[in-house]
2 protein chains.
Amino acid sequence: MFVRMRARLLLALVLVLCGVPAADSEGALAAPDRRTPAEIVAGAAAGDWIDIRPEDLLVMTLAPDAKGRPRTVILQLAPAPVSAGWVANIRRLAAARWWDGASVYRVQDNYVAQWGHAEGAEPARARALPDGLVAVPEADYVTRVAIAAREAATRRLTSRTSRVDPYAGRSFFLDGWPMASDNLSDSPVVDAQTGRPPAARTHEGAWPVHCYGAVGVARGMPPDTGSGTDLYVVIGHAPRQLDRNIALVGRVIEGIEHLAGLPRGPAPMGVHDDAGARTPIASVRLASDLPAAERPRLQFLATETEVFGRYADARANRRDPFYLVPAGGADICNIPVPIRRRP
Amino acid sequence: MFVRMRARLLLALVLVLCGVPAADSEGALAAPDRRTPAEIVAGAAAGDWIDIRPEDLLVMTLAPDAKGRPRTVILQLAPAPVSAGWVANIRRLAAARWWDGASVYRVQDNYVAQWGHAEGAEPARARALPDGLVAVPEADYVTRVAIAAREAATRRLTSRTSRVDPYAGRSFFLDGWPMASDNLSDSPVVDAQTGRPPAARTHEGAWPVHCYGAVGVARGMPPDTGSGTDLYVVIGHAPRQLDRNIALVGRVIEGIEHLAGLPRGPAPMGVHDDAGARTPIASVRLASDLPAAERPRLQFLATETEVFGRYADARANRRDPFYLVPAGGADICNIPVPIRRRP
């Protein structure tokens, strides 16, 4: 009996060291989860998914490809208060149909694809900006975020997935968005007095991070912060050096292959000087400005759920049969938030 | 005088904390280096560059693109003893012209492009493997690396660039290659007895890492380790979960845009089931098997040099005028080893 208990204790210790929950709530030993991240996500309940509001979706329609096939790219705008000034500008620009007739004029390998009205593309007429655009200060690259109790839950669930962030004190998910911070304290997940999670907490200095698919606002030299007329999407390894140096306003959640797969531009910074090599943009619309029947209905997996924690853990520690050695960690950009069409 | 000295001390301390060399060898305060990483590399001396041997270069010629433009991709094979068994197989396969007539049959967004002889591509004849291919054991995913004094120098130079590696105990460059290890001790850079760098040191358990452009050996389920007939290249955010789980044999050092920019495959895992959508490979040759005049002459920046340390530091802390906030760190895949054509 003693030997058997020792063996169980030892096994539990090994499982803890490997980052696996050693026991379920009944106290029984739980087997390691050998599902793939996709299989774990497929097991999420309907209530684990959050509908993306139509006013948070941008539908960008590119010209058809060389074989006449349609190319649609769907962007999700970042949740307030992250980059709120720029996001408001982008909604105004879309409502004014600013990008109709624009183009993807820059494609730089392992970096970004960028769109807007290319320099010299419309010499004959001056294009008027819509009213109401704001000049956002550089200070807004970093956001004062009200961290709700949900964030504490995310932190708990994902703490075992990421040892550290090379670019920040820590990284975490906030309302489905990858964020980083230098001064977020490792305060207890529960309040010592009440035994419950803190209701809400304000901290200064969190920022969205440049992961694959992240969409940002092109700008000139400081103190310019960009208005939102020209946007880029990350199509390579996360260029995290841009964090806190440029505004992130969203992410591509469908159709990124239509941007990441474009021919790279031959000029410096991947620019297509040859107008014929640019990819024309037919239109960009907020989904809320489309007829209801044409609105794409997309959902993201809530990052505060138990299933997201299991998914993140599986991204960091692959235990499905193809793998021999779990990595023991993952950087936040290697834990993409699952997206799906609403069933 | 005292006040002035205190101010100088304080400034020096601030510079040290910011990762900037506080003083040059003359003891004078050095200004922060505000050059871009590319500008720093451009200032490297001729002797800082290392010629890549022709037997370490693979020249892959794809069919011309839709506009008839040539597409050449150049790969550098990993330095021995990293993945030596698979690298030997690949040299044999290239010498036997194994990939002539093969294709890029898989392009999965934000993951890999993969080539070889697609299933069902040659129903009419059996393609014979060349003699001498070896079956490499799984244990060789991790390499016992003899760490020379050079590695200690690299470690010193890059220690300020990377706080941590989310996937390993530490990461470092070995002979121009990004590597990781869990058990590399932080022993002193100089031997305490001799005051000189340790001459050489063997440690077990270093492995090459999956960065953008890394080339690996496709395989089936374990214990298969792949022969090298089918290769993939990373075309997205570093999928570090593959480290230690699959063999890395090299990296694309020129022309990766011809692979990363290909249309994504519509079948699961990005496969192009439609043979007409695959990209034909005309030939793959070791540069050493080409006439001398046709060999590409490429160099990489030696990772043990002072200039590489400055470059790595600038990747982690951008101080050029476009940037407001230096990141304070970088992951190893965001410090690509500079490559150039030999002048």
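Which residue forms a salt bridge with B:Arg53, and how far apart are the closest N and O atoms? I began my notebook with this pair, keeping in mind that the model is predicted.

**Entry 1: the pair in chain B**
I looked up B:Arg53 and found that its salt-bridge partner is B:Asp56, with the closest N and O atoms 3.0 Å apart.

**Entry 2: a second pair in chain B**
I turned to B:Arg35 and noted that its side chain meets that of B:Asp33 in a salt bridge, at 2.8 Å from N to O. Here B:Arg35 is partly exposed, with a relative accessible area of 34%, whereas B:Asp33 counts as buried at 18% relative accessibility. I reminded myself that side chains of opposite charge can pair when their charged atoms come close.

**Entry 3: salt bridges in chain A**
In chain A I followed a network of salt bridges that links A:Asp33, A:Arg35, A:Glu306 and A:Arg310. I also found a salt bridge between the side chains of A:Asp51 and A:Arg342, at 3.7 Å from N to O. This pair links distant parts of the chain, since A:Asp51 lies in strand S1 (residues 49-51) and A:Arg342 in the segment after strand S15 (339-341), 291 residues apart. I recorded A:Asp51 as partly exposed at 39% relative accessibility, and A:Arg342 as partly exposed with a relative accessible area of 39%. Over all chains, the structure holds 30 salt bridges.

**Entry 4: chain A as a whole**
I counted up the elements of chain A, which has six helices and 15 strands, and I noted that buried residues make up 52% of its 343 residues. Of the contacts in chain A with a separation of 6 or more, 73% come from residues 24 or more positions apart.

**Entry 5: where the chains meet**
How many salt bridges does the rule find across the interface of chain A and chain B? I found zero, although 19 residue pairs are in polar contact between the two chains. The side of chain A that touches chain B divides into 25 nonpolar, 11 polar and 13 charged residues. In all, 49 residues of chain A are in contact with 49 residues of chain B, and the area buried between them is about 4,000 Å², with carbon and sulfur atoms giving 56% of it. In chain A, the residues that lose the most area to chain B are A:Pro166, A:His237 and A:Phe322, which together account for 18% of what that side buries.

Conventions. Residues numbered from 1 in each chain as written. Chains lettered and ligands numbered in written order. Predicted model: local features only at pLDDT ≥ 70, side-chain atom pairs only at ≥ 80, totals over all residues. Heavy atoms only, no water. Contact = heavy atoms within 4.5 Å. Buried area = accessible area lost by both parts, 1.4 Å probe. Salt bridge = Lys/Arg side-chain N within 4 Å of Asp/Glu carboxyl O. Polar contact = N/O pair within 3.5 Å; in protein donor to acceptor, adjacent residues only side chain to side chain. Nonpolar A, V, L, I, M, F, W, Y, C, P; charged D, E, K, R; others polar. Helix = DSSP H or I, 4+ residues; strand = E, 2+ residues; numbered from the N terminus. Buried < 20%, exposed > 50% of the residue type's maximum accessible area, 1.4 Å probe, protein only.
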